[in-house]
Amino acid sequence: VLTNFHERGTVWHDFPGPSFNHCIVASAPRDARGRYVYFDPTAKSVPYSRLPSALEGGWGLVVGSPADTALVCFPGSDARDNVRRYEITLALSPDLSAKGSVREAFVGQPAFTWHAYLRNASEDERRKGLERSIDASAAGAKATAITWPSVEDPSDSLVITYEVAVPLPGRRMGDQLFLQPDLRSSGSAELFPAPRRTHDIYLEYPA
């Protein structure tokens with residue numbers, strides 16, 4: 001199947017365009033609806049029957065099919081297929097520091113992204129990367145007793161657990177402390193950081 005990688009939204013099925021830059025596979029037998037099952041053999045962290053986010057909802061040409069003169073639209077996913085869930089338990093000390101446990105569970109595209117990262121990162125790189133992402137929300141946070149999942153075989157889900165120590169889980173305002181117990185997801189809460197938009201925005205996937 002000929003297609004264009006990272007060019008979703010630029011291919012019009014009824015208008016000639018530039019040449020393809022990638023190919024994937026349409027597999028038989030088909031799914032329950034009689035459609036091909038598409039997969040990308042080069043996406044080592046995406047399991048069979050799912051596509052990387054750069055291809056979901058994109059267009060392709062199934063070479064050799066009865067209708068190989070027309071483009072086909074690849075299946076996409078919805079928010080229920082791509083989930084991030086953070087479970088954080090913190091205990092606040094009299095000195096306003098905090099310690100606790102974190103469980104991060106990912107399904108679908110977020111899991112595929114983590115699989116790809118963990119496959120190529122050393123133990124030290126994994127730990128530092130996790131601490132940098134936590135530090136973006138809680139300065140000085142340290143992660144210990146990290147349990148990483150096996151990434152030998154890609155799957156639709158992935159779980160990471162660890163203990164965390166935070167010097168100050170929030171910010172001081174006079175004699176008050178405003179707690180920010182969400183150490184993880186709040187770092188990506190700002191969807192449009194630029195004050196002015198100059199290009200179309202394509203969300204990577206619904207989550």
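Predicted model: local features only at pLDDT ≥ 70, side-chain atom pairs only at ≥ 80, totals over all residues.
**Entry 1: helix H2.** At 1.5 Å a residue, its 13 residues should span 18 Å, and I find its end C-alpha atoms 18 Å apart, so the two agree. Next I looked up which residues of H2 are buried: Arg126, Gly129, Leu130, Glu131 and Ile134. What do the buried residues of H2 pack against? I get E8, H1, E9 and E10.

**Entry 2: the sheet.** I then traced an open sheet of four strands, in the order E7-E8-E10-E9, with antiparallel pairing. Its edge strands are E7 (83-92) and E9, since each of them pairs on one side only. On average, neighbouring strands of this sheet are turned by 20 degrees against each other, ignoring direction. I noted 10 bridges for the antiparallel pair E8 and E10. Opposite Glu104 I found Ile160, which belongs to E10. Back to H2: this helix packs on the sheet and touches E8, E9 and E10, and its direction makes about 130 degrees with that of E9.

**Entry 3: the nonpolar core.** Which residues touch the most other members of the largest nonpolar core? Out of 19 residues, the answer is Ile160 and Tyr162. I listed the elements that give two or more residues to this core: strand E8 (98-107), helix H1 (109-120), helix H2 (123-135), strand E9 (142-147) and strand E10 (157-166). E10 gives the largest share, five residues.

Not counting residues up to four places away in sequence, Ile160 touches Val102, Arg103, Glu104, Phe106, Trp114, Ile146, Thr147, Trp148 and Pro149. There is also a second, separate core of seven residues, and I spotted Val1, Tyr38, Leu51 and Phe74 among them.

**Entry 4: Arg50.** Last, I picked out Arg50, in the loop between strand E4 (37-39) and strand E5 (59-61). Is Arg50 buried or exposed? The cut-off for buried is under 20% relative accessible area. Arg50 has 14% relative accessibility, so I count this residue as buried. I also found a polar contact of 3.2 Å between the side chains of Arg50 and Asn82. Leaving aside neighbours within four places in sequence, I see Arg50 in contact with Tyr38, Phe39, Glu56, Ser77, Asp81, Asn82, Gly108, Gln109, Phe112 and Asp156.

Technical notes. Residues numbered from 1 in each chain as written. Heavy atoms only, no water. Core = buried A, V, L, I, M, F, W, Y, C linked by side-chain atoms within 4.5 Å. Buried < 20%, exposed > 50% of the residue type's maximum accessible area, 1.4 Å probe, protein only. Contact = heavy atoms within 4.5 Å. Pairing = 2+ DSSP bridges. Axes fitted to C-alpha atoms, helices over the stretch in contact; angles between N-to-C directions. Polar contact = N/O pair within 3.5 Å; in protein donor to acceptor, adjacent residues only side chain to side chain. Expected span 1.5 Å × (residues − 1).
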